[in-house]
Amino acid sequence: MSFSFIKPQLAKQQELNLYRSRKELDKGAGRLLVHQGKQYINFSSNDYLGLNQHCDIKSAFKKGIEQYGCGSGSSSLVTGYSKAHQELEELIADWLEAPKCLLFSTGFSANSGVLSALGQSTNTGYFLDKLSHASLIDGAFNSKAKSKRFKHNNCEQLNDMLSSSDCNDKLIIAEGVYSMDGDTGNLSSINNLALKHQANLYIDDAHGVGVLGKEGQGTLEQQNIEKGSHLIQMITFGKALATQGAAVTGSAEFIDYLVNRCRDYIYSTAMPPANAVATITSIKLCQSEHWRREKISKLTCLFKSQLDNSIEITDSQSSIIGILTGSEENALYCQLQLKNKGFWLTAIRPPTVEIGKSRLRVTLSASHNDKDIIELADCINEVIGKCLQNK
Ligand code: PMP
């Protein structure tokens, strides 16, 4: 292959401590993972509710495979849409109190697909939070809409942008829980601005669903946001719900529009029906097993209380906590030290976060126990303490 930029770009990433590589796990995703024969406590998974190894979800998957086979066989508009997909859509619409729901195979394709389907002309204005996920940024900036980004959670700037916009159709794009800092979107004020400026509102709640809200309905429910017809909610299944895929909810007309005009939906193989069967089971567990959310809150408080005052953390309101290390080099060093002590955490570096804001991203799960948390906090105090002293 002869693309002139590949070799220098990879070399540059190495030089800047920004090179990325994958780790082939022997076993993973739940509380424990095994890499090269060694077991680690996993603090990097988004399996917030600890459902990854749940036997009911596993048997639902197997039952789904028996009934429908391994995959869906085609896109939804051909023969890929099954009763299982329909049942899951209805369950989600009911759970999230939304008129209609549409399934996507990944959250990335839901975000980029919906934003390209809605952004068909320069008469549409998109207003995105600065910390929006890459899939939202790609969807918005690759569309024909006029896209602008407001400072994170800054409603004053958002208000100014909306006031000065001459677009006929406006869409504010924000998240329920921000995945790298663990803070929540200021959804109540953002929703008020949407109503004031007759704008629509798109909330990506990939990290809020399952964890927040009385029955895990997510950040909108937790913040008591009334479900108006201007609202679009996106949730993913690959995190708290422990399966794979995503759903978008909204008015019946909007969902019908996506079925007819969203290229990512129309031209992509539907998710395996067995995955839909398993997700139905996982949502029902999420709705009824409140103890999982309560446990996450308790573990989060315990973790924060065990950290030394010198440890700088993100302003988190969830079970995602960023331990700030400053440089990329520090983040990689701390990641390795913690790994040597049996803890698996991932160093998060630019471009995922700003330069100088590298961190270890800790995600706590209902599958962890008090001992895991106390031992992790002790190790972080020691490793980060030493790292800061040496600087
Ligand atoms: N939105 C947010 C906020 C995310 O964190 C992610 C996953 N990292 C996605 C969307 C994409 O979801 P999926 O992994 O299902 O593609």
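Biologist: At about what angle does helix α14 run to β14?

Modeller: First, a caution: this is a predicted model. Helix α14 covers residues 328-340. This helix lies across β11, β13 and β14. Its angle to β14 is about 40°.

Biologist: Which strands are the edge strands of the open sheet of three?

Modeller: The order is β11-β14-β13, and the pairing is antiparallel. On average, neighbouring strands there are turned by 35° against each other, direction ignored. An edge strand pairs on one side only. That applies to β11 (320-326) and β13 (346-348).

Biologist: In β14, which residue is the bridge partner of Ile323?

Modeller: Start with the strand pair. β11 and β14 (residues 358-363) run antiparallel and are joined by six bridges. Within this pairing, the partner of Ile323 in β14 is Leu360.

Biologist: Which strands stand at the edges of the open sheet of seven, and why is one side of each left without a neighbour?

Modeller: This sheet has mixed pairing and the order β4-β10-β9-β8-β7-β5-β6. From one strand to the next, the twist averages 20°. Each edge strand has a single partner strand, so one of its sides has no neighbour in the sheet. The two are β4 (100-104) and β6 (146-150).

Biologist: Which helix lies across β4, β9 and β10?

Modeller: Take the strands: β9 is 231-236 and β10 is 246-250. The helix that lies across them and β4 covers residues 252-261. Its direction is at about 30° to β4. That is helix α10.

Biologist: In the hairpin of β1 and β2, which residue takes a positive phi?

Modeller: Strand β1 (residues 25-27) and strand β2 (residues 32-35) are antiparallel, with two bridges. Leu25 faces His35 of β2 across the pair. Four residues sit between the strands. The one with a positive phi, near 80°, is Ala29.

Biologist: And in the turn between β2 and β3, which residue has a positive phi?

Modeller: β2 also pairs with strand β3 (residues 38-42), antiparallel and over four bridges. Leu32 stands opposite Ile41 in β3. This hairpin has two residues between its strands. The phi of about 50° belongs to Gln36.

Biologist: On to the ligand. Which helix gives the most to the shell around it?

Modeller: There are 14 residues around the ligand, and Thr106, Gly107, Phe108, His133 and Ala206 come nearest. By class, the shell has three nonpolar, nine polar and two charged residues. The top contributor gives three residues and spans 107-118. It is helix α5.

Biologist: How far apart are the end C-alpha atoms of residues 39-379?

Modeller: The UniProt record, an unreviewed entry, lists that span as "domain: Aminotransferase class I/classII large". The span is 43% helix and 18% strand. Its end C-alpha atoms lie apart by 17 Å.

Biologist: What radius of gyration does the protein have?

Modeller: The protein has 15 helices and 14 strands. Along the principal axes, its C-alpha atoms fill a box of roughly 60 × 55 × 55 Å. A compact globule of 391 residues would have a radius of gyration near 21 Å, so the protein's value agrees. That value is 21 Å.

Methods. Residues are numbered from 1 along each chain as its sequence is written. This is a predicted model: local features need pLDDT of at least 70, side-chain atom pairs count only at pLDDT 80 or more; totals for chains, interfaces and linings use all residues. A residue is near a molecule or strand if its C-beta atom, placed from the backbone, lies within 6 Å of it. Ala, Val, Leu, Ile, Met, Phe, Trp, Tyr, Cys and Pro count as nonpolar, Asp, Glu, Lys and Arg as charged, and the others, Gly among them, as polar. Two strands pair if DSSP finds at least two bridges between them. Axes are lines fitted to C-alpha atoms, for helices over the stretch in contact, and angles run from 0 to 180 degrees between N-to-C directions. Two residues are in contact if their C-beta atoms, placed from the backbone, lie within 7 Å. UniProt positions are given in the numbering used here, feature names are shortened, and annotations may be inferred rather than shown by experiment. The radius of gyration is taken over C-alpha atoms; the globule rule is 2.2 Å times the number of residues to the power 0.38.
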